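Open the model in your viewer and keep the selection panel at hand. This tour goes from one selection to the next and says what is found at each stop.

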Amino acid sequence: MATLGIFVDRQTLSYSKKLVMLMRFRDVAESLGHRSYFIFPVELKKIAKLDALLIRSRTDPLNVSYMAARMAVMHGIPVIDNPEAIRICSDKVNMYLHLMRANVPIPRTELLVRKEIFPADATAYFDQLGAPVVLKEPSTSYSNRVKKVHRVEDFLQTARAYLKMADELVVQEYIESEEDWRIGVLNGRFLFASRYVLPRESDQVQAVDSEEIPYYGIEMVSEEEVPGEAIDLAIQASQAIGSGLFSVDIKERQGKMYVIEVNDNPSLESGEEDLYPDIFERIIVGLLG
Ligand SMILES: Nc1ncnc2c1ncn2[C@@H]1O[C@H](COP(=O)(O)OP(=O)(O)O)[C@@H](O)[C@H]1O
Ligand SMILES: [Mg+2]
C-alpha cells in the first residue's frame with residue numbers, strides 16, 4: 001500500500017465539478033489498494049512522507065503549488081506536475097522556444113522584445129505575419145492576455161499594455177481553424193481527446209477591430225474521431241516539454257495542424273472519465289507504479 005497526496009487549495013474545492021474529480025482520484029487510488037489524502041498549502045511538510053504527489057491546484061512558479069512540486073523533487077518523490085514542466089508551461093516564450101527546438105509545428109511566431117514600440121514596428125509584424133495577428137503576454141492563462149488585433153492602433157494599444165507586465169511578448173500568425181483539438185498525454189502516451197466548441201451566442205462574427213478571444217466549451221471525443229496526425233503531434237509537443245501529464249491544444253486549418261499551447265495541470269472535469277474510464281487509474285499508476 002502506497003500513499004498518494006493530492007495537493008489542493010480552496011479554489012480547487014470551490015467548484016463542484018473539480019470536487020467530484022478529486023473524489024474520483026481518491027476513490028480510484030483506494031480501489032487500487034492505496035491510501036490517499038488531500039494536502040493543503042499549509043501542510044507542505046507532509047509531502048516528505050508521501051510516495052507520490054499529484055498537484056490539482058493551479059500551477060504557476062509564483063504559486064505555492066510550485067513549492068509543493070519542488071519539495072517532492074527534493075525528497076525524491078514522483079510528482080505531477082514536475083517543477084520544470086510548471087516553469088516552461090507558465091511562460092509562453094519558454095514554451096514556444098521548446099516547441100521550436102523540437103520542430104513542432106506552431107503558427108508563425110515572433111518575439112517582441114523592445115521596451116518601446118512604434119507604428120512602424122506594428123506595420124512590420126502585419127507585413128510579416130498577415131492581419132490579424134495574435135498578441136500574447138507570456139504569463140497569460142484562460143485567454144486573459146491574448147488578443148487578436150487587426151490594425152496598427154490596436155496592436156500598439158494592446159502591446160503597450162502587455163509590455164507593462166512583461167519584457168517580451170509573443171506575436172503570432174492568426175490561425176482560422178476548422179477544428180480545435182485538446183489532447184491529453186501522459187508520459188508520452190495518448191490519454192484522452194476532446195475538441196473545443198464555440199458556444200452558440202458567440203457564433204456570429206463581429207466586425208470589430210480588436211477582439212477578445214471567445215470562451216470555448218469542451219466536448220469529449222473518442223480516439224477514432226481525431227486525426228492520427230493530431231495525436232502524434234500532441235505526443236511530440238508534450239515530449240518537447242518533458243514527461244508527465246499534459247493537454248495539448250492543436251488548431252487544424254485546411255488539414256494542417258498547429259500546436260497552440262501545451263498545458264501542464266490539465267483540467268479533468270469535462271467528462272474525460274465518461275469516454276476514457278481508466279483515465280484516473282492510469283494517472284495514479286503512472287505515479288505510483
Ligand atoms: N495563433 C492563434 N490563432 C488563432 N487563435 C489563437 C492563436 N493563439 C491563441 N488563439 C486562441 O486563443 C486562446 C488562448 O490562447 P493560448 O495561447 O492558449 O493562451 P492561454 O494560456 O491564455 O489560454 C486559444 O485557445 C485559441 O483559441
Ligand atoms: Mg490556452
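Start with two helices: Arg 24, Phe 25, Val 28 and Ala 29 in α2 meet Phe 280, Glu 281 and Ile 284 in α10. To meet, or be in contact, two residues must have C-beta atoms, placed from the backbone, within 7 Å. By class, this contact of α2 with α10 holds 5 nonpolar, no polar and 2 charged residues. Here Ala, Val, Leu, Ile, Met, Phe, Trp, Tyr, Cys and Pro count as nonpolar, Asp, Glu, Lys and Arg as charged, and the others, Gly among them, as polar.

The model is predicted: local features need pLDDT of at least 70 and side-chain atom pairs count only at pLDDT 80 or more, while totals for chains, interfaces and linings use all residues. Residues are numbered from 1 along each chain as its sequence is written, with chains lettered from A and ligands numbered from 1 in the order in which they are written.

Now select residues 16-31 and 279-288 to show α2 and α10 whole; they pack at an angle of about 65°, with their axes 9 Å apart. Axes are lines fitted to C-alpha atoms, for helices over the stretch in contact, and angles run from 0 to 180 degrees between N-to-C directions. That angle makes α2 roughly perpendicular to α10, a term for 65 to 115 degrees.

Next, select residues 119-129 and 152-163. These are helices α6 and α7, whose axes come within 9 Å and cross at roughly 110°. They are therefore roughly perpendicular to each other. Which residues of α6 meet α7? Pro 119, Ala 122, Thr 123 and Tyr 125 do, and they face Val 152, Phe 155 and Leu 156. By class, the contact of α6 with α7 has 6 nonpolar, 1 polar and no charged residues.

Move on to the strands. An open sheet of 5 strands runs in the order β12-β10-β9-β13-β14, with antiparallel pairing. Its edge strands, β12 (217-221) and β14 (256-264), each pair on one side only. Strands pair if DSSP finds at least two bridges between them. Select 179-186 and 189-197: these are β9 and β10, paired in the antiparallel sense over 6 bridges. Val 185 stands opposite Phe 190 in β10.

Finally, select the whole chain, which has 10 helices and 14 strands. Helices (H or I, at least four residues) and strands (E, at least two) are DSSP runs, numbered from the N terminus. The C-alpha atoms fill a box of roughly 65 × 40 × 35 Å, taken along the principal axes.

Technical notes
Parallel < 35°, antiparallel > 145°, perpendicular 65-115°, else oblique.
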